[in-house]
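Let's walk through this one together, in question-and-answer form. Have a look at the model first.

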Amino acid sequence: MDKMLVTRVATAVKECYGAAVSENEVQLQETRKEFEGDWTVVVFPFTRYSRKSPEATAGELGDYLQRHIVEIKAYNVIKGFLNLTISPAYWIGVLNEATGKERFGYAGKQDGKRYMIEYSSPNTNKPLHLGHIRNNFLGWSVSEILRANGHEVIMVNLVNDRGIHICKSMIAWQKFSNGATPGSTGKKGDHFVGDYYVRFDREYKAQVEQLVKDGTPEEEAREQAPILLEAREMLRLWEAGDPATIALWRQMNDWVLQGFEETYRLMGVSFDKVYFESETYKKGRDIVLKGLADGVLYRKESGSVWADLTSDGLDHKLLLRDDGTSVYMTQDIGTACDRFSEFDIDEEIYVVGNEQNYHFQVLSLICKKLGFEWAGKIKHLSYGMVELPEGRMKSREGTVVDADDLIAEMIETARVTSAELGKLDGYSEEEAAEVYRKVALGALKYFILKVDPKKTMTFNPKESIDFNGNTGPFIQYTYTRIRSIERKAKEAGITALPADPLSPLSGKEQSLVKLIARLPSVVAEAGESYSPALLANYIYELAKEFNQFYHDYPILKETDETTRNTRLLLAMQCGVTIRNAAGMLGIEMPERM
RNA sequence: GGUCUCAUAGUUCAACGGAUAGAACGGAAGUUUCCUAAACUUCAGAUCCAAGUUCGAUUCUUGGUGAGAUCACCA
């Protein structure tokens, strides 16, 4: 409907004033609640074609549109705004069309693009924390939204499983574990290994302090601490392929990955393909050498290879070290190249925190310089840090919020609240636990996804799990109310019937239908801008609108059968809409809560 | 210092260059009991500063101020 209106407005301008206006010059928006009408055309831009006052122009266009579009019942003009009122029959048609579609909101799979989306990308030396949570939710949700738009999405995870950080955990484990394992201690693997990483750091600091006390300059002490030298030696052994080192490395990574697996399952995210940096870290070397031969890159006397980006306002960037080994940037060039040739993807999205904005700016620039035609197809979905009400998380100060701990706490809060109110009394323990999990994760996901990704956000665990206001649980709660109404209606033998075209919808009913009808365009917009936040805010608006609607029109009390059935239908469709839209954010709906 | 991002009620978040800047939480007052972890209705309360472009600027441009990120032979 809205697309059709835009087209027709453009023709109207052409017919009335003989000026060809492109469709993106037409500004169509939903009429604000305080005015009469459904859609509003902003006519200010057309006054230069009509050479008349905004009011007169709007009037003429309104006349034309009403004559030529049957669905337009009336129009009114306020200043330069032309408000169009659509006939009630149209809205009833929309409602009838939407109902019964379980996949309402999802576009069919037609000529969509193929995306690859890389997200999560953890290091294997410590467990996931709150920052990863934002990353995972964003990556998963954007994928779902793109899929809902009819695109194909390959979700990938690049696990950073090699380097000095994992060697630090390995050394500490060798020295201090006495052969302990996650199995023997009952600890989750990632936490187990993370503890040794922390242990390493403690030991390292103690050694530095001791060296300084013995008269070593601090800078030198930091370089010369024995345990650090041991970690470096271990990295050397690893790169040399020393069997014992490799075996230990494999063992510790397995522990961590098993732990991650559990956290991913809990968060409800998954991947189509997992890359390991240990397998990709040498990539890109040949490409860089070719770039060097082509004169795009240059070599310093010491042997290292660089890209000169100063003409683009950036610095020089190292691509190969003196010893010829790759750096992070080199690997990224290599893996991107592989992916584009292997999967024939139209676009690659990297979900990575904004501390790497510079990295991705440089990456796309270098790829362009190297002459890859896909250089423009790599996108960085950059997101801001997550802070706590007390301020930034600092690993040094131990204020990092662990992902598993946080989720466990939220589930516990949900459990306690529910137990107090005894609402799930009829449920078995497993069923109830499932509800707590859905509520806790719904709260977390909604709270994080409703915020514009690029902004730094403050996460307040207490507020997020509030059951009122702009929260996930409020949305879930609204859904369960709808389901409860459905159940009661069924018990009373009431069935929802298609709306009667002869019974016009009231204002509140109509605005609810309008809101429901908007879902497809919200999904499309969210897909284009990679913004789950748009969807989140939409769902809240719908949930809130439903609550108001239900307050004004108690469905089960209504005596007129046709009216009652239409309203029941409307409520049920609200439920489907909320469920589907929330599903794209990864928020599951409980039947009761 | 260079580059990039952000700045909106007390707080957490909204607002393709459009109408009187919306919500939520918190605060004040009230209504109701068909769904209920009840909901709904009022009230008070904000665009960091200064210029510019525009019929119209929270939005675009420039310059300030403030906050954050980044500029490694780390990843």
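This is a predicted model: local features need pLDDT of at least 70, side-chain atom pairs count only at pLDDT 80 or more; totals for chains, interfaces and linings use all residues.

Q: What makes strand S11 and S12 count as paired?
A: Two strands pair if there are at least two bridges between them. S11 (residues 347–353) and S12 are joined by 6 bridges, so they meet that cut-off. They run parallel, and one spot to look at is Val351, which stands opposite Leu381 in S12.

Q: Which order do the strands of the parallel sheet follow?
A: The order is S7-S6-S5-S11-S12, with 5 strands in an open sheet.

Q: Why do strand S7 (273–276) and strand S12 (378–383) stand at the edges?
A: Each of them has a single partner strand, so one side of S7 and one side of S12 is left without a neighbour in the sheet. From one strand to the next, the twist averages 25°.

Q: What lies across strand S5, strand S6, S11 and S12?
A: That's helix H5 (residues 130–148), and its angle to S11 is about 155°. Angles here go from 0 to 180 degrees between N-to-C directions.

Q: How do you know that S8 and strand S9 pair, and in which sense?
A: The cut-off is at least two bridges. S8 and S9 (residues 305–308) have 2 bridges, and the sense is antiparallel. Arg299 has Val305 in S9 as its bridge partner.

Q: What is the order of the antiparallel sheet, and which strands stand at its edges?
A: This open sheet has 3 strands, ordered S8-S9-S10. Strand S8 (298–299) and strand S10 (316–320) are the edge strands: each has a single partner, so one side of each has no neighbour in the sheet. Helix H13 (residues 285–293) lies across S8, S9 and S10, at about 125° to S10.

Q: Where are the two assigned domains of chain A?
A: Domain 1 covers 2–86 and domain 2 covers 163–272. Their centres, taken over C-alpha atoms, are separated by 66 Å.

Notes. Residues are numbered from 1 along each chain as its sequence is written. Chains are lettered from A and ligands numbered from 1 in the order in which they are written. Domain bounds come from an automatic or database domain assignment. Helices (H or I, at least four residues) and strands (E, at least two) are DSSP runs, numbered from the N terminus. Two residues are in contact if their C-beta atoms, placed from the backbone, lie within 7 Å.
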